[in-house]
Protein chains: 2
Amino acid sequence: MTNTNLQKELAALIGSDKVITDPLELKYYSYDSSFEAKLHRFNPDAVVMPKSTEDVSKVMKYAYENNIPVTPRGGGSGETCGSVATQGGIVMDLSPWDTIDEVDMANMQVFVRPGVIHGKLNDHLSEFALFFPPDPGSTRMATIGGMVANNSSGLRAVKYGATENYVLGLEVVLPNGDVIYTGGKNSRAVKSVSGMNITKLMVGSEGTLGIITQVRLRVWPKPKARGIALAIFPNLDDAPATVLDVYQSGILPSGIEILDDSAIKAVNLYSPELNLPDAQAILLFEVDGNPASVDWEGARIAEICKKRASEVEWATDPARMTALWKARSVTATAAARVRPDGSRIFAGEDISVPLSKVTEVLRRIKALGEKYGIKVVNYGHIGDGNVHTAPVIDPECEAEVAQVQKLTDEIHLLAIELGGSTTGEHGVGLVRAKYAYLEHGPAVDTMKTIKKALDPKGIMNPGKLFLMEEDSNA
Amino acid sequence: MTNTNLQKELAALIGSDKVITDPLELKYYSYDSSFEAKLHRFNPDAVVMPKSTEDVSKVMKYAYENNIPVTPRGGGSGETCGSVATQGGIVMDLSPWDTIDEVDMANMQVFVRPGVIHGKLNDHLSEFALFFPPDPGSTRMATIGGMVANNSSGLRAVKYGATENYVLGLEVVLPNGDVIYTGGKNSRAVKSVSGMNITKLMVGSEGTLGIITQVRLRVWPKPKARGIALAIFPNLDDAPATVLDVYQSGILPSGIEILDDSAIKAVNLYSPELNLPDAQAILLFEVDGNPASVDWEGARIAEICKKRASEVEWATDPARMTALWKARSVTATAAARVRPDGSRIFAGEDISVPLSKVTEVLRRIKALGEKYGIKVVNYGHIGDGNVHTAPVIDPECEAEVAQVQKLTDEIHLLAIELGGSTTGEHGVGLVRAKYAYLEHGPAVDTMKTIKKALDPKGIMNPGKLFLMEEDSNA
């Protein structure tokens, strides 16, 4: 079938206003925020923008009958080609379907459609003194559907966990178009152990098992206070040792971030007014809770940091907190400044290692950068070992592109070698699928068994999470 | 095959010291702590007590080849016949395999074998200033393997969630004897989104998908302080309204318990020295955290309670906390005192409803009790709507047994009608399997698809969670 015919048939199903036909508009769907999608564009055959469960069901029934791959997409902020139709077919853009159906304050939960933007949801919830704790850096782009599909998190995962901890139920359209509601079909319970836990199976399945059309999220009372501590460490090894001491003192901060010397250098080039000292590591702690708790924990964290840090500052004043946090908030942008013609790329960029291996991984990534002649800027969520490594290259230079691919491959392998994970929060998508067996061993066969059972025709976002036998020939 | 032959073959596989043959000892495995198992004993054909993954794998391979059902069992503290061989076959008693393999303090996690008792694990972890937050009432009986299989929790779930929030990885022996490790085969990462989330699929699957042989748990810094508030409410409706006000003030207590008038009466009969006032509800709040936080939250909770309560007391002194909590800690035992010849039975005993429906459910359960002429004592975890209803009957009286079965059936149906769940924390097992479609609708078919894919011969704990086609003929 030609793309034009496919588009016509889809328009007949759900309405021409929900089907994109303009070739220029279609191009927007050929990439996400990953480096891989900068190297290879993947053009979909058609893009639909459903606005109801019925729309989604109709498209899935049609795709199922005609063996057409379907790739669901939210904000397109992913770094893994997860929402890109790498094997063609239909992209289902759920971002326009962005209704907050209900804030059920009495039951501390919210019902949303998949396209609701994370930041907008939390803006709305704050009117009810509630919040949804996971906090991706892409808060102004990421959709709740995408967050559920990727089990997203961010810097507060160390205290609050990832999206999965908050998903009470999901409406899911299955590959054949059937609709189920997980977690109880009419439930508003916040606690239930009834039935097999397919809610959590769907969370993080990256669109490979079905399309999420409604999310029932548990939300929490919004903390009234927060504070920030910044500590500067002449020696890298003192940073994780300090984190462990904070845990041992009974404190679980809402965020613990690290900038190593590469990130400090980048930030000083980008924001020279910050004038960060020449140190091996900066730690930033965020604590939240009630005002008394925040003061108590801030004082204790400062005291613990002083054992090893050359400078420590603790703040609860909003302006001063913003100033202290600025080193961290500009890092992702600043990274590219480590060379004049540099671009920061998203590849091998969110490995996770045990806390006990953080210094080793930072040192070995530095050595790998030197081996391949590529600068790498390191920062991230040290509290749970989730390190962001930002290679900075000239993406127009083919030789550098070839080198950085070897480098990021080694970074992924290093994470596995050190007892970590190839991805702490961004997901697998296309780009980490090849590491599945190395990281998970025979458990991948169990995943494949489930995939085949729930998606027997293999039409749901094929080629993501792990390689099926047919993908290697694709 | 006779039972004797089966036992001989199993002894040949894993050693006769790991196979129970004494008929009296076998009887111990014919029941759990449920009322159902008091009415019907289910004798297994054989019981094995494996002590290694290899043992488990050998037994599963054998069972798979010979189509023999296998029912895993931990402490036997379940209330649903979940660990009882309701269709015969082999019971696999994992409780003797109780090694804490490693406390990895640097990475805030612990590796345990399935038989480790919850209370013993937390005793051990406290030496490292760590704790595993879920807290079942059966802490001195329940095993970690059983807790994972049932996604157990307890009164602190309102703040800390259920067991699933802490499971980082699992070693699982599949029905055919193959062994997988979920969450990364050599991982000590605390944060990972790599691969399909089969870890969480296994949590709460009640032994229907495989045998859990090792658990990798995330543990948390142990809070340094706690406090208890007790508030007495002349009007039942004021109890959930107060809970909601506490949430709105930004506080998430570690426990919020209710005793309604039926429970107050029972406690006064059992512990007259407590002399609880004649009220419609008592609320107990537990808060934990750092000392400053606990003081702040305690003062605020007391202030909020005073708006509606006739009496409020807040305590952080250990002896006084124990005294205040005593009304709650004796309730389960006290329930039977509401009639001289009464026994409290575990049936329909842990429904969960939305917080907004708590008063309605308590009133309607009282009316149902009157309809069937059975006293019901109500208490439980109001913070997340998880209500314990304790019918008190003479279990030797056939007429009462018949009536209580109708009553508990109506309690389960009422929970579903009110947008709740048939089970907040005890699980489905045999006794709630019949409500699966009513509670979950077509999602049950998805559960069955997964069950058939992972356990094609249907030998893993058959008849639990939901009824397969073949179960109705069993």
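**Exercise 1.** Determine the handedness with which helix 9 of chain A passes helix 11 of chain A, and name the residues in contact.

*Solution.* Step 1: helix 9 of chain A passes helix 11 of chain A in a right-handed crossing. A crossing is right-handed if the near helix is turned clockwise from the far one by less than a right angle, and left-handed if anticlockwise.

Step 2: on helix 9 of chain A the contact (heavy atoms within 4.5 Å) is made by A:Thr242, A:Asp245 and A:Val246, and on helix 11 of chain A by A:Ile301, A:Ile304 and A:Cys305.

The model is predicted, with pLDDT of at least 70 needed for local features and 80 or more for side-chain atom pairs, while totals for chains, interfaces and linings use all residues. Residues are numbered from 1 along each chain as its sequence is written, chains are lettered from A and ligands numbered from 1 in the order in which they are written, and side-chain values use heavy atoms, leaving out hydrogens and water.

**Exercise 2.** Find the angle between helix 9 and helix 11 of chain A and classify it.

*Solution.* Step 1: helix 9 (residues 238-248) and helix 11 (residues 291-306) of chain A pack at about 140°, and their axes are 10 Å apart. Axes are lines fitted to C-alpha atoms, for helices over the stretch in contact, and angles run from 0 to 180 degrees between N-to-C directions. Helices (H or I, at least four residues) and strands (E, at least two) are DSSP runs, numbered from the N terminus.

Step 2: this makes helix 9 of chain A oblique to helix 11 of chain A. Angles under 35 degrees are roughly parallel, over 145 roughly antiparallel, 65 to 115 roughly perpendicular, and the rest oblique.

**Exercise 3.** Describe the open sheet of chain B and its edges.

*Solution.* Step 1: the five strands have the order 5-6-10-8-9, with antiparallel pairing. Two strands pair if DSSP finds at least two bridges between them.

Step 2: strand 5 (100-104) and strand 9 (179-181) of chain B are at the edges, each with a single partner strand, so one side of each has no neighbour in the sheet.

Step 3: from one strand to the next, the twist averages 10°.

Step 4: strand 6 (residues 109-112) and strand 10 (residues 211-218) of chain B run antiparallel and are joined by four bridges. B:Val110 has B:Leu217 in strand 10 of chain B as its bridge partner.

**Exercise 4.** State which strands helix 5 of chain B lies across.

*Solution.* Helix 5 (residues 118-126) of chain B lies across strand 5, strand 6 and strand 10 of chain B, at about 35° to strand 5 of chain B.
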